[in-house]
Amino acid sequence: MNMIKKIVAAAMIGVLALGLIGCGNTQTEQETPSVTDFTLTSVSETLDRSTIFTERDLSAEYDENAYTITLADGSSSTDCESVNISGNTVTITDTGTYKISGTLTNGKISVEAQDDDKIQLVLNNVQITNENDSAIYVENAKKVFVTAAEGTTSSITNAGEFTGKSADGVIYSKDDLTLNGTGILNISTQYGHGIVCNDDLKICSTNITVNAKNHAVKASNSISISGAELELISGEDALHCDNDEDEEKGCIYLTGSTILINSQDDAIHSSNYIVIDDGKTDIQNCNEGIEATKIEINGGEVSVVSTDDGFNASTGSSSENTPNEKPVPTNNSQSIPNSDNTEQGQLRAKNNMGMTDTDEGCHIIIAGGTVSIDAGGDGLDSNGYLLQTGGDVTVYGPENSGNGAIDYGIASKITGGTIVAFGMSGMAESFDDCSTQGSILAVFDEETSGEFTLKSSLGKELISSECTKKYNCVTVSTPDIKAGTRYTLQAGEQTKKIKMTSTVYKDSSASIGGKINRGAKNFNEAKNNNQPPQEN
């Protein structure tokens with residue numbers, strides 16, 4: 001959710017709240033307008049995983065009789081006629097496997113082969129630094145494999161500002177690129193990107209650390225990672241795949257990998273989809289955690305700590321806002337921002353109020369795995385649909401009412417799994433009544449922190465969670481929540497008893513902010529549908 005939208009929504013909450021003061025203090029369950037059931041075609045259903053990686057992508061093997069290249073400042077050597085050496089620039093012009101060792105203090109390996117050539121660069125304790133260009137550069141080939149040899153550690157570095165016309169990454173490829181091997185590869189730059197691929201990028205069964213001023217890993221068509229161990233530190237996005245020319249491209253797929261991320265912007269950003277099948281994705285610091293048009297979690301462990309949104313299903317730019325530049329109003333009388341007072345400015349304000357800020361093409365689907373989100377902005381934020389069919393989800397949402405632990409533009413549904421989402425009530429949303437699994441959105445009288453428990457009417461503990469952040473609102477859903485039954489919610493020292501008259505329970509005091517996101521009409525309809533108290 002962008003900055004203006006948050007300010008507008010918070011201001012509107014104050015206005016609406018003032019208008020409702022005269023309605024009395026009776027606490028009610030709000031019966032929201034019925035949401036027509038929806039179905040989503042997930043990327044995961046149609047994704048042919050058998051075609052993502054080739055056997056050679058996944059293998060760390062190489063021909064031991066490969067050509068050799070020995071690097072040395074001013075005196076590099078090779079046993080291959082297809083390798084040209086000029087000073088500290090080594091140029092490979094033909095297909096084959098090249099085992100490389102040695103050191104260049106200011107040099108590069110360049111691949112300038114034919115369109116059908118496949119080339120494998122086996123790094124055997126290689127140290128390459130380049131002052132103003134890429135250390136490994138692929139001008140032309142069908143595909144290049146960069147393999148870290150077993151038991152070796154190689155370091156590839158850019159040490160100065162990039163002055164070339166096209167290359168701006170330590171490893172830069174204009175064609176398909178695969179990084180694999182059981183050795184260790186360290187990549188660093190204080191001036192540009194770490195790994196850049198203008199085509200399809202695969203990272204398989206290898207151990208890579210990237211420390212980059214800009215994007216750590218960047219590709220135009222796709223990024224696919226399998227069985228890798230990655231540590232990514234970046235001044236911009238850690239994993240970035242964006243293609244504004246072909247909407248079918250710009251995809252990220254993760255499986256069986258351990259990925260540690262510290263990023264100053266998005267941790268994982270894609271213009272199309274992000275699918276995580278399994279593995280461990282540990283995002284320890286970022287502005288926004290996982291951002292794409294479509295986000296799907298099928299398994300594994302996903303942990304996000306973000307200053308803004310945790311998950312964001314959006315077609316917007318990852319660079320719209322910089323970290324820590326999203327102020328939240330501290331009083332309800334703040335006016336709606338309108339810097340130019342033009343018709344266009346008014347339209348932008350209406351869009352940011354949520355009147356038209358929806359996108360049918362966006363969705364978040366959580367089908368399995370364990371998801372933990374600690375967000376300064378929205379926790380789960382979809383401009384379109386939110387669907388949970390499985391998995392174990394915990395959201396530690398914002399400590400202000402300008403954001404919500406759950407936020408969606410069109411509709412949401414839960415049919416399986418568990419979720420506990422902590423936040424503030426001003427922008428709180430939950431699951432719609434098309435859900436087949438019971439859910440509760442409850443607001444407590446006072447802000448609290450600490451242990452939260454959900455118990456059945458017989459006192460059986462159904463779910464327990466700990467939240468160190470302040471919250472006054474909880475959305476909880478488990479397969480144990482059924483219509484026609486009673487539950488007790490304990491938040492710190494506060495207790496709330498709920499009677500489920502239907503599958504979905506929502507406190508009326510938590511509905512105001514959420515309804516703004518789907519327009520004033522829905523809010524007014526919901527307000528007029530207030531029902532007598534359903535609590536016991």
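**Figure 1. The neighbours of T189 in a predicted model.** Leaving aside residues up to four places away in sequence, T189 touches N158, F162, V170, G194, N211, A212 and K213. This close-up, like the others here, shows a predicted model. To find T189, look in strand β13, which covers residues 184-189. The side chain of T189 also reaches the backbone nitrogen of G192, at 3.1 Å. Is T189 buried or exposed? T189 counts as buried because its relative accessibility is 5%, and the cut-off for buried is under 20%.

**Figure 2. T478 and its surroundings.** Here the view moves to the loop between β39 and β40 (486-491), where T478 has its place. Which residues does T478 touch, not counting those up to four places away in sequence? They are G417, T418, Q437, G438 and I463. With a relative accessible area of 2%, T478 is buried.

Figure 3. Rolling a probe the size of a water molecule over the atoms shows where empty space is left. The structure holds 2 cavities of 30 Å³ or more, and about 50 Å³ of space lies in the second largest cavity. To trace its lining, look for A405, I406, A421, F422, G423, M424, A428, E429, L441, C473 and T475. Two or more of the lining residues come from each of the elements β37 (418-423) and β39 (461-477). Which element gives the most to this lining? That is β37, with 3 residues. Sorted by class, the lining of the second largest cavity has 8 nonpolar, 2 polar and 1 charged residues.

**Figure 4. Stepping back to the whole protein.** After the close-ups, here is the setting they belong to. The protein has 6 helices and 42 strands. How many of its 536 residues count as buried? The share is 55%, and T189 and T478 are among the buried residues. Among contacts between residues at least 6 apart in sequence, 60% join residues at least 24 apart.

Definitions and conventions: Residues are numbered from 1 along each chain as its sequence is written. This is a predicted model: local features need pLDDT of at least 70, side-chain atom pairs count only at pLDDT 80 or more; totals for chains, interfaces and linings use all residues. Side-chain values use heavy atoms; hydrogens and water are left out. Helices (H or I, at least four residues) and strands (E, at least two) are DSSP runs, numbered from the N terminus. Buried means under 20% relative accessible area, exposed over 50%, partly exposed in between (1.4 Å probe, protein chains only). Contact means heavy atoms within 4.5 Å. On a 1 Å grid over the protein atoms alone, a cavity is a set of points where a 1.4 Å probe fits but cannot get out, and a pocket is an open set with protein on both sides within 12 Å along at least five of seven lines; lining residues have an atom within 4 Å of a point. Grid points are joined across faces, edges and corners, and a volume is the space filled by probe spheres set on the points. Ala, Val, Leu, Ile, Met, Phe, Trp, Tyr, Cys and Pro count as nonpolar, Asp, Glu, Lys and Arg as charged, and the others, Gly among them, as polar. A polar contact is a pair of N or O atoms within 3.5 Å; within protein, one must be able to donate a hydrogen and the other to accept it, and residues adjacent in sequence count only if both atoms are side-chain atoms.
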